[in-house]
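Trainee: Could you take me through the features of this model one at a time, giving the general idea of each before the case at hand?

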Amino acid sequence: MSGRSVEVVLVKAGRTKIRYPAEVVADDGARLTVRAPWAAEGVRDFGFVRFEPGDVFVEHYWRDRWYAVKEVRSSDGTLKGWYCDITRPSVVGGSEVVVEDLDLDLWVSADGSEVLRLDEDEFAASGLAAADPEAAARAVGALDELEHLGREGLVRLLAGLPDR
C-alpha cells in the first residue's frame, strides 16, 4: 500500500472544502498515514504558523478516532509543528480518504511551547451540539484529549515520531 496515491477529501458542513492528492506512507488498518504538499493556493498565515508552498504535511487519519494529526514541515525539512483537526473517524475506501471536519482544531508548536485550541467559536456556531449532541460531545472530548497530549509532549508519539 505504501507509495500508492490517494485523494484526501475534506468535507465541512456537508460540502467538499478541498480535495488534494497524497502518497500513502503506511496503513495498519486503523491509521492511514499519507504525505502531501501544502494543497491550498499561496500562503496562509495564522499568526502562530504560516503554511506556504513547499511545506510538506505528513497526515495521520484514524478510522476509529475523532481526530487527524498533521505534522507540518517547511520545504527544508524543519518541523513547524502539528495541526490537529477534530473530525469524525475517517472513511478510507478505494483511492479516497474522506474526512469530515467538525470545526475544532488544535495547534502544537514544534518545541511544544504553544498548544492552542482553535475555532471553538466556529464549532459553537455550527449547530452540531443541537443537531448531533453525541458527535458534539465526542468532538469536544477529542479536543480535550489532544490538548492533554500536546501539553505532555505526546502528540509526536501519535504522529509516529520517537519521544525526544
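Mentor: Let us start with burial: a residue counts as buried under 20% relative accessible area, as exposed over 50%, and as partly exposed in between, with a 1.4 Å probe and protein chains only. Val72 is buried because its relative accessible area is 0%. Please keep in mind that this is a predicted model, in which local features need pLDDT of at least 70 and side-chain atom pairs count only at pLDDT 80 or more, while totals for chains, interfaces and linings use all residues. Residues are numbered from 1 along each chain as its sequence is written, and side-chain values use heavy atoms, with hydrogens and water left out.

Trainee: In which strand does Val72 lie, and which residues does Val72 touch?

Mentor: Helices (H or I, at least four residues) and strands (E, at least two) are DSSP runs numbered from the N terminus, and Val72 lies in strand E7. Contact means heavy atoms within 4.5 Å; leaving aside residues up to four places away in sequence, Val72 touches Phe51, Asp55, Val56, Phe57, Thr78, Leu79, Lys80, Gly81, Tyr83 and Trp107. The C-alpha atoms of Val72 and Phe51 are 8.3 Å apart, although 21 residues separate the two along the chain.

Trainee: How should I read a nonpolar core, and which residues of the largest one touch the most other members?

Mentor: A nonpolar core is a set of buried Ala, Val, Leu, Ile, Met, Phe, Trp, Tyr and Cys residues joined through side-chain atoms within 4.5 Å. In soluble globular proteins, nonpolar side chains tend to be buried together. The largest core here has 23 residues, of which Val69, Ile86 and Leu146 touch the most other members. Strand E7 (67–73), E8, E10 and helix H3 (133–151) each supply at least two residues of this core, and H3 gives the most, with 7 residues. A second, separate core of 13 residues includes Val8, Leu10, Val34 and Ala68.

Trainee: How many aromatic pairs does the structure hold?

Mentor: Rings of Phe, Tyr and Trp (its six-membered ring) pair if their centres lie within 6.5 Å, and planes under 30 degrees apart count as stacked, over 60 as edge-to-face and the rest as tilted. The structure holds 11 such pairs. The rings of Phe46 and Phe51 have centres 5.2 Å apart and planes at 70 degrees, so this pair is edge-to-face. Phe46 is partly exposed, with a relative accessible area of 25%, whereas Phe51 is buried, at 3%. Trp62 and Tyr67 also form an edge-to-face pair, because their ring centres are 5.3 Å apart and their planes lie at 70 degrees; both of these residues are buried. One aromatic cluster is formed by Trp38, Phe46, Phe48, Phe51, Phe57, Tyr83 and Trp107.

Trainee: Which non-glycine residues have a positive phi, and where do they lie?

Mentor: Asp103, with a positive phi of about 80 degrees, lies in strand E10 and is buried, with a relative accessible area of 10%. Asp119, whose phi is near 65 degrees, lies in the loop between strand E11 (115–118) and helix H1 (120–126) and is partly exposed, with a relative accessible area of 24%.
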